[in-house]
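Me: I would like to learn how to read contacts that involve aromatic rings. Please give the general idea before each case.

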Amino acid sequence: MTDQHLLLGTCDYPEHVPRDRWETYAKQQKELGLTFIRIAEFAWSRMEPRQGEYNWKWLDDAVEAYHAEGLKVVLCTPTPTPPAWLVRQHPEILPYDREGRVRDFGSRRHYDFASPVYREHSRRITRAMAERYGQHPAVVGWQTDNEFGCHDTGRSFGGASAEAFPVWLKQKYGTLDALNTAWGNVFWSMEYTDWGQIKPPNLTVTETNPSHVLDFYRFASTMIARFQEEQIVILRELSPGRFITHNFMIFETGFDHYQVARGLDFVTWDNYPLGMLEFFAPPGHGEALKTHFARTGHPDLISFNHDLYRGLLGGQEALGREGKDTPSGFWVMEQQCGQVNWAPFNPLPADGTVQLWTAQAWAHGADVVSYFRWRAATMAQEVMHSGLLRHDETPDRGFHEVKELEQAQFPVGTVPARVALLHDYESLWLYDQQKHAQSLSYWAQTLAYYSALRALGVDVDVVHADADLSGYAVAVAPAITLVSAERAAHWERAVQGGVKLVCGPRTAFRTPGGETWAEGQFGPLSALVGAKLLQYDSLRPGLSQKVSGNGKEFEAVTWAESYRLNGAEALYKYVGGPLDGQSAAIRNGNVTVIGAHSPELISAVLDKVLTGAGVDTTPLPEGVRISRRSGRTLVQNWNLEAVEWQEQQLPGVSFQFLDGI
Ligand code: GAL
């Protein structure tokens, strides 16, 4: 434990309100117990109304107003919103959607990361801001841009990206022969004879070649990383001693977050639990679950992202990158504090939820939670969105909950996870292109394992599939379908070092190029697993497959795959149907593979492996979760109703410390 504790902040928009409110707001923010104020990410048109004509007066005053109250300012580069004069003068900076249409000016994120013209303007405005504020005593750090990838803007399917893609491919492959072979272009006569023939993988008659798509996604991710890196270089030069971060999104898949996070001091992410629940719910539940958690959000959907972002900068050495070698603390840069405006339905949170979200964020490693936004916007696209203050400046429900929060009860420190859950965006991109079962996806499969772990009461680090696994008792690879020879060797070393490995279906099915391993699943992992894939079965709704073993029966839905054993033993077998008598879950020493999609089977197998590895499990009721940090154990009840658990009465929507569990 340390004497440092969780700190709070908010996202403020002085340019949205009259000048005479700024000092008042800063005073109120201070009184509320806030420490950090993030500003200016969308304010380019006010900073530079015409090219080269800068207007800093308003921003000087705003920064001074916060400074006068001792508040710390996080300044943002304003590149998510290039102003009209820039777009109309240089329409070539605009991005293209998958339908080949230009995405025009009039909202935000209307630029292509690969545009050399936009990159020049991005460097220019970053330099101008950093020269002005880089050493200001109130400015403690920087946020680059805002939510890369938001509104499906991680990739542009025309214009600058279309021009840069073949150039990137030529650098990667050298010759067209190499590219044609790597992509398997002989299939359907897709072989290229000139680099200029290659375009982004959209507008094709039917599905595009997954290897083509995989490389386009890698290319697009690299463009984002380079775009950001250019800003980082300038900020490091002109704003020494200040941190640089970026605010990532929930379940965003438009780029490799491990690649883009490189070079940041720490990671932040934006947590909107109620909005996301409408788009996403763990598999096997659906509408009933969305209704049950409509006013709190689902704890596992949120904590998965906390655990992911906590580990985003971890294991950098193992990845061959410079940086920290342990999972680091992170911030929630935008925390929902009322209702959002962008989901199909936008319920108010239940009483106590803003505090519960804050406590959970802390328990999963957040050092700062910053609420979005200070005052509800009275103009434009987001007027239906809550702030800490209502439109009329009176405190809204979130404000009261923040005011009552005792920050000192949340000491910052480490999360003691002994279980690593392996994650990799390239596996995600491959998996989701050829799901083979409509209701399944990389996230769905990954969350099935993650949720099972959390329902067993264990803490989990989400780490890159190539991260250093020493120190973990168990590593779970729910959906790592891309396994190279190097990755297989890395996992093998970890297993030899004593880590118990659990793999889900389709592990090691694909090569780094996106093809299947010619020797079949498990490719280079076959010896370690002691088995090979025999069959896979995609189950439509209504179809299921019985699984039995250890005197128990389970029902697999959506997916079932079976194995031919070569050293491994069968733990569970299929009963009936086309897979009758074949292995459904297998073990070879310290390696276990689960081939059937059944939440109960996954839970039973994980429980056994965890217990065998010396990790205590604590089965939890629905909606109850425990998370540990800094030697404290936070028990949360996410249900609206009270729950009786371990002779404790847990009130609805509440948290409490039950240290020692
Ligand atoms: C975030 C975004 C904010 C605001 C917010 C509304 O994704 O970064 O600028 O739009 O959503 O919920």
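Reply: Start with charges and rings. A charge sits over a ring if NZ of Lys or CZ of Arg is within 6 Å of the ring centre and within 35 degrees of the ring normal. In this predicted model, arginine 506 lies over the face of tyrosine 431, at 4.1 Å from the ring centre. Arginine 506 also lies over the face of tryptophan 559, where the distance from the ring centre is 3.8 Å.

Me: How many aromatic pairs does the structure hold?

Reply: There are 47 aromatic pairs. Planes under 30 degrees apart count as stacked. The rings of tyrosine 111 and phenylalanine 227 have centres 5.2 Å apart and planes at 25°, so this pair is stacked.

Me: Which parts does that pair tie together?

Reply: Tyrosine 111 is in the loop between helix H4 (84–89) and helix H5 (116–133), and phenylalanine 227 is in helix H8 (residues 210–238), so the pair ties together parts 116 residues apart in sequence. Tyrosine 111 counts as buried at 1% relative accessibility, and phenylalanine 227 counts as buried at 0%.

Me: What does an edge-to-face pair look like here?

Reply: Planes over 60 degrees apart count as edge-to-face. Phenylalanine 304 and tryptophan 443 form such a pair, with 75° between the planes and 5.5 Å centre to centre. Phenylalanine 304 belongs to helix H12 (residues 299–310) and tryptophan 443 to helix H16 (residues 442–455), so parts 139 residues apart in sequence are tied together.

Me: Are phenylalanine 304 and tryptophan 443 buried or exposed?

Reply: Phenylalanine 304 is buried, at 0% relative accessible area; tryptophan 443 is buried, at 5%.

How values were computed
Residues are numbered from 1 along each chain as its sequence is written. This is a predicted model: local features need pLDDT of at least 70, side-chain atom pairs count only at pLDDT 80 or more; totals for chains, interfaces and linings use all residues. Side-chain values use heavy atoms; hydrogens and water are left out. Rings of Phe, Tyr and Trp (its six-membered ring) pair if their centres lie within 6.5 Å; planes under 30 degrees apart count as stacked, over 60 as edge-to-face and the rest as tilted. Helices (H or I, at least four residues) and strands (E, at least two) are DSSP runs, numbered from the N terminus. Buried means under 20% relative accessible area, exposed over 50%, partly exposed in between (1.4 Å probe, protein chains only).
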